[in-house]
Each structure stands twice: as C-alpha cells, then as structure tokens.
Amino acid sequence: MNLSITQLERAAGIPTQRAELWVRHINRALADAGLETPEQVAQFIAQVGHESGSFVRLVESLDYKPDALKRTWPSRYTDWLAAQHGRSLAKPADQRAIANHVYGGRLGNTGPDDGWNYRGRGLIQVTGRENYRKCGEALNLDLVARPELLELRDVAASSAAWFWRSRGLAALGADVEAVTRVINGGANGLDDRRKRFSLAISALGGGLRKVGEVAP
C-alpha cells in the first residue's frame, strides 16, 4: 500500500516537508516488508517514528545523565561508573565510552570500539556488528565497513524493512507491546509507541492507496 504525503504527515505527526523527504522511502519499505493492512502500516510508522524521534534521528543518542544510565542498564552501571560516563553540569556525556561499555562483548561486537562503531543507526536503530552484517547482506551493502550508510534515508528505511521481515513482525499486527519487546527486548517507550500507533491508525484506518497508485 502506498501512502500519500498527507497520509504520512498525519499518521506520523510530522511536518509536510519531512513527510515529503520520507514518503518514497517509507512506501518502498512497506512493500519490502509486506505490510498491507492499516494495522500493519500503523505499527511500522509508530515504531520507527519512536525509534527515530519522528524521522529525525538516524544515529542513536547516548547523551545520558547518570541516573538515566542506571535506569536503562541497571546491571551494567554502578553509581561510580554512571557518574564517570554520564552527562552533568560539569561535563558532557562520554557517548563513545557508554556505547563501548553497554554494547561491547555482545551483539557480535569484539573490537574495543565496536560498541561505538555499531551503535544504533537507521529508522529501527540496527545495533551491533552482527546485525550490521546481516542487514548489509540482505541489502547488498557492506555495512560493517561502512556503517554510516545506515544514516542515508533510503538505507535507513530499507534496514527497518529488513528488520521487520526478518523478525516476522507483520504477523503481530496491532500488538504494540509485543512488537516493542522484539525491537528492544523490553517495554522502553511503550506509552509513546502506543500513542503513535493510535495516531497512525486514526489517520490510516480508511484511506490507504493500493500498490501502484501514485502518491501526490
């Protein structure tokens, strides 16, 4: 199903100019992921909208305060280490150190800087060397050698379609919590994701175009 610029604008709650930049890439991603029903499309828009900060952020922000570090990764941060890495009035967050600490030694990361090099990117925030490798193979791109390619709009959208397809998320339909748990392993941002889904389904419930129709 193809979204018009206006449909994407309303479903994602984004300005017209931003919808114009993204509509072609989102429509391709929807087709690649096999998303056809209003519920499936709304779920995709809601989830990638949350992950990307409304289609603005294509690289993971790790600008955390110490308390946020402990809350987000309670098993990985002591008070002392959170104070060293986190943002305070006296210093910015050490985002490279945070990425290497929380992602190092997992997700296929083996090098000392892999956590930073393969931090979340794209509309769905692909994370970790192994996921970059798998996504790159699917898209015929060397994302391990060139991780920054995920910051391009077309690749960012295609990577989200790959993630959706590879995890079988289309089958979960309107179950926002279930999809959220697949994406991040927990329920982080669940309230925002639900609000985004409600907005999207309200906008898309009866007005999706058929595949092949040209969006204005």
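At what angle do helix 10 and helix 11 pack, and how far apart are their axes? I will come back to that in a moment, after a word on the model.

What you see above is a predicted model, in which local features need pLDDT of at least 70 and side-chain atom pairs count only at pLDDT 80 or more, while totals for chains, interfaces and linings use all residues. Residues are numbered from 1 along each chain as its sequence is written, and side-chain values use heavy atoms, with hydrogens and water left out.

Now to the opening question: helix 10 and helix 11 pack at an angle of about 125°, with their axes 10 Å apart. Helices here are DSSP runs (H or I, at least four residues), numbered from the N terminus, and the axes are lines fitted to C-alpha atoms over the stretch in contact, with angles running from 0 to 180 degrees between N-to-C directions. That angle makes helix 10 oblique to helix 11, given that angles under 35 degrees count as roughly parallel, over 145 as roughly antiparallel, 65 to 115 as roughly perpendicular and the rest as oblique. The contact (heavy atoms within 4.5 Å) involves Val176, Glu177, Thr180, Ile183 and Asn184 of helix 10, and Leu190, Arg193, Arg194 and Phe197 of helix 11.

Let me turn to helix 1, whose buried residues are Ile5, Gln7, Leu8, Ala11 and Ala12; buried means under 20% relative accessible area, exposed over 50%, and partly exposed in between, with a 1.4 Å probe and protein chains only. These residues cover an arc of only 165° around the axis, which puts them on the same side of helix 1, the arc being that of the directions from the helix axis to the C-beta atoms. Among the elements that cover them are helix 2, helix 3 and helix 11.

Leu8 also belongs to the largest nonpolar core, which has 47 residues, and is among those with the most contacts inside it, together with Trp22, Ile26, Phe44, Leu123 and Trp164. Such a core is a set of buried Ala, Val, Leu, Ile, Met, Phe, Trp, Tyr and Cys residues joined through side-chain atoms within 4.5 Å. Helix 9 gives the most to this core, with eight residues. If we leave aside residues up to four places away in sequence, Ile26 touches Leu3, Leu8, Phe44, Phe55 and Leu123.

Finally, Ser202 lies in helix 11 and is exposed, with a relative accessible area of 61%. The C-alpha atoms of Ser202 and Pro38 are separated by 9.4 Å, although the two are 164 residues apart along the chain.

How values were computed
Helices (H or I, at least four residues) and strands (E, at least two) are DSSP runs, numbered from the N terminus.
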